[in-house]
Amino acid sequence: MPSRLEELCVQKGLKMTDQRRVISRVLSEATDHPDVEEVHRRASAIDPRISIATVYRTMRLFEEAHVIDRLDFGDGRARYEKTRTDHHHHLIDVETGEVVEFASEEMERLKEAIARELGYDLIGHRLELYGVARSRRQEPQGDS
Ligand SMILES: [Zn+2]
């Protein structure tokens, strides 16, 4: 059965080879935000003939077709996730690299308001939050 991402690729007119199908399946099933190396690791576990160069090329193609989004978490490695309809942002735990997804109506309104105040219509934005978990910052105490 074709993955949802594969169906999207076909809709966008991309020619799907076996290797592209495997890569689209890996991305479709990912619940995290893998980088190219990680996608290659997962794809080559399914088909060992898939090279890192093929993964790079295919993901650039998917990105250009807007079926996946490239994310920048500030460490110089591009991460990817399938393009979603629900708008969300990411908070990156700088100690563990864990990524927490969140959405905020309030923030969306604020962004619009800021742009408007400056005399602009908002057409895009990038926003990532970086943090350290408060639970790990606290000194261990006997009782809680
Ligand atoms: Zn995400």
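**Note on the predicted model: contacts, fold and core**

1. Of the contacts in the protein chain between residues at least 6 apart in sequence, 43% join residues at least 24 apart. The structure under review is a predicted model, and the points below should be read accordingly.

2. As to secondary structure, the protein chain contains six helices and five strands. Their order along the sequence is α-α-α-α-β-β-β-β-α-β-α. The radius of gyration of the protein chain is 19 Å, whereas the globule rule gives 15 Å for 144 residues; the value is well over that figure, so the chain is more spread out than a compact globule.

3. On overall dimensions, the C-alpha trace of the protein chain spans about 50 × 50 × 30 Å along its principal axes. Of the 144 residues in the protein chain, 16% are buried.

4. The largest nonpolar core comprises 16 residues, and those with the most contacts inside it are Ile-23, Leu-27, Val-39 and Ala-43. At least two residues of this core come from each of α1 (4–11), α2 (18–29), α3 (36–46) and α4 (52–64). The helix that gives the most to this core is α2, with four residues.

5. Leaving aside residues up to four places away in sequence, Val-39 touches Ile-23, Val-26, Leu-27, Pro-34, Val-55 and Met-59.

Methods. Residues numbered from 1 in each chain as written. Predicted model: local features only at pLDDT ≥ 70, side-chain atom pairs only at ≥ 80, totals over all residues. Core = buried A, V, L, I, M, F, W, Y, C linked by C-beta atoms within 7 Å. Buried ≥ 20, exposed ≤ 12 C-beta atoms within 10 Å, placed from the backbone. Contact = placed C-beta atoms within 7 Å. Rg over C-alpha atoms; globule rule 2.2 N^0.38 Å.
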